[in-house]
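Here is a short briefing to read with the model open beside you. Take it one topic at a time and follow along on screen.

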Amino acid sequence: MHAPPPVEVDEAELLARLGGRRDLLAMLVGLFSADLPQIHEEFAAALAAGDAAGVRRIAHRVVGTLANLSGGPLLEYGRDIEELSVPENLPILGPRIDAFRAALDELEQRLRKAFA
């Protein structure tokens with residue numbers, strides 16, 4: 001199994017990007033938290049169906065979210081999953097997506113603790 005990518009949260013950088021608006025950041029964190037169970041379900045369903053395009057779509061959506069909330073190695077890991085999402089790679093993507101999902105959970109916990 002692939003180790004989860006490092007989860008980094010630069011609180012000062014996040015707040016600076018949003019003009020210091022903690023309320024706006026709290027709203028974004030809330031949206032991410034609310035969307036996370038669906039992300040997990042969609043990844044599982046796409047993998048079970050052998051739907052590489054579906055995996056790519058979900059990864060792309062998550063990468064967009066990560067560009068706003070985290071960046072760093074977790075963002076790059078998501079981009080790698082997105083790029084690798086072709087039918088012949090699905091067997092190797094399962095463990096990577098499991099690691100990615102675990103890291104997303106960790107990110108969500110850190111963000112909620114800091115900003116929710």
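Helix 2 (residues 22-49) passes helix 3 (52-69) in a left-handed crossing, meaning that the near helix is turned anticlockwise from the far one by less than a right angle, with clockwise for right-handed. Helices here are DSSP runs of H or I with at least four residues, numbered from the N terminus. This is a predicted model, in which local features need pLDDT of at least 70 and side-chain atom pairs count only at pLDDT 80 or more, while totals for chains, interfaces and linings use all residues. Residues are numbered from 1 along each chain as its sequence is written, and side-chain values use heavy atoms, with hydrogens and water left out.

**Helix 2 against helix 3**

- The two helices pack at an angle of about 160°, with their axes 10 Å apart; axes are lines fitted to C-alpha atoms over the stretch in contact, and angles run from 0 to 180 degrees between N-to-C directions.
- That angle makes helix 2 roughly antiparallel to helix 3 (over 145 degrees; under 35 is roughly parallel, 65 to 115 roughly perpendicular and the rest oblique).
- On the helix 2 side, the contact (heavy atoms within 4.5 Å) includes Leu-25, Phe-32, Ile-39 and Phe-43.
- Helix 3 contributes residues including Val-55, Ile-58, Val-62 and Leu-69.
- By class, this contact has twelve nonpolar, three polar and three charged residues; Ala, Val, Leu, Ile, Met, Phe, Trp, Tyr, Cys and Pro count as nonpolar, Asp, Glu, Lys and Arg as charged, and the others, Gly among them, as polar.

**Helix 2 against helix 5**

- The axes of helix 2 and helix 5 (residues 90-115) come within 10 Å and cross at roughly 160°, and the two helices are therefore roughly antiparallel to each other.
- Here too you will find a left-handed crossing, with helix 2 passing helix 5.
- The contact of helix 2 with helix 5 has 17 nonpolar, three polar and five charged residues.

**Helix 4 against helix 5**

- Helix 4 (72-84) and helix 5 have axes that come within 11 Å and cross at roughly 150°, so they are roughly antiparallel to each other.
- The crossing of helix 4 and helix 5 is left-handed.
- Among the contact residues are Leu-74, Tyr-77 and Ile-81 of helix 4, and Leu-93, Phe-100 and Leu-107 of helix 5.
- Eleven nonpolar, one polar and one charged residues make up this contact.

**The nonpolar core**

- The largest nonpolar core has 33 residues; such a core is a set of buried Ala, Val, Leu, Ile, Met, Phe, Trp, Tyr and Cys residues joined through side-chain atoms within 4.5 Å.
- Phe-43, Phe-100 and Leu-104 have the most contacts inside this core.
- Helix 1 (11-17), helix 2, helix 3, helix 4 and helix 5 each give two or more residues to the core, and the largest share, eleven residues, comes from helix 5.
- Beyond residues up to four places away in sequence, Phe-43 touches Val-55, Ile-58, Ala-59, Val-62, Ile-97, Phe-100 and Arg-101.

- Ala-48, in helix 2, counts as exposed at 71% relative accessibility (exposed is over 50% relative accessible area, buried under 20%, partly exposed in between, using a 1.4 Å probe and protein chains only).
- Ala-48 and Tyr-77 are 29 residues apart in sequence and 21 Å apart in space, C-alpha to C-alpha.
- Lys-113, in helix 5, is exposed with a relative accessible area of 77%.
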